[in-house]
Amino acid sequence: MHIEKTPLHGNGVRLEPLSEQHLSGLAEAIRDGDLWLLPVTIVPHPNDLPAFLENAETQFRNGKELAFATIDESSGKVVGSTRFRNIEAAHKRVEIGFTFIAQSWQRSHINTEAK
């Protein structure tokens with residue numbers, strides 16, 4: 001199993017492999033609802049996004065994770081992030097997680113369609 005950085009398209013949602021170009025939009029999404037303060041999940045503070053991206057890149061190079069920016073297709077806005085995690089190529093197994101979505105987009109089509 002070979003993991004590639006490939007955009008994924010759904011109905012009204014696009015998942016783009018996370019890159020530096022997404023960080024400002026991701027910071028805006030995280031500020032929408034102060035997501036880093038949520039006690040039920042782990043969301044990076046907007047100031048920590050360079051380290052978040054660096055960690056995602058390291059995990060990708062190690063064949064363990066692939067992080068995405070979650071994009072609303074109609075507006076083109078970055079509304080969150082999700083990733084393939086705990087990739088086990090030998091077993092063709094992957095988890096979907098480390099997901100967070102701007103408060104304004106929660107309970108919309110975004111998360112369901114991204115999954």
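## Surface, fold and aromatic rings

The protein chain exposes about 6700 Å², of which carbon and sulfur atoms supply 49%. The model is a predicted one. Of the 115 residues in the protein chain, 37% are buried.

Three helices and five strands make up the secondary structure of the protein chain. Read from the N terminus, their order is β-β-α-α-β-β-β-α. The radius of gyration is 13 Å, close to the 13 Å that the globule rule gives for 115 residues, so the protein chain is as compact as a globular protein of that length. The C-alpha trace spans about 40 × 30 × 25 Å along its principal axes. Among contacts between residues at least 6 apart in sequence, 52% join residues at least 24 apart.

The whole structure holds four aromatic pairs. One of them is formed by Phe68 and Phe84: the ring centres are 5.3 Å apart and the planes stand at 85 degrees, so the pair is edge-to-face. The table gives the accessibility of both residues.

| Residue | Relative accessible area | Class |
|---|---|---|
| Phe68 | 1% | buried |
| Phe84 | 27% | partly exposed |

Phe68 is buried because its relative accessible area of 1% is under 20%. Elsewhere, ring pairs join Phe52, Phe98 and Phe100 into a cluster.

Key: Residues numbered from 1 in each chain as written. Predicted model: local features only at pLDDT ≥ 70, side-chain atom pairs only at ≥ 80, totals over all residues. Heavy atoms only, no water. Helix = DSSP H or I, 4+ residues; strand = E, 2+ residues; numbered from the N terminus. Rg over C-alpha atoms; globule rule 2.2 N^0.38 Å. Buried < 20%, exposed > 50% of the residue type's maximum accessible area, 1.4 Å probe, protein only. Contact = heavy atoms within 4.5 Å. Areas by Shrake-Rupley, 256 points an atom, 1.4 Å probe, with all protein chains shown as cover. Phe/Tyr/Trp six-rings, centres within 6.5 Å; stacked < 30°, edge-to-face > 60°.
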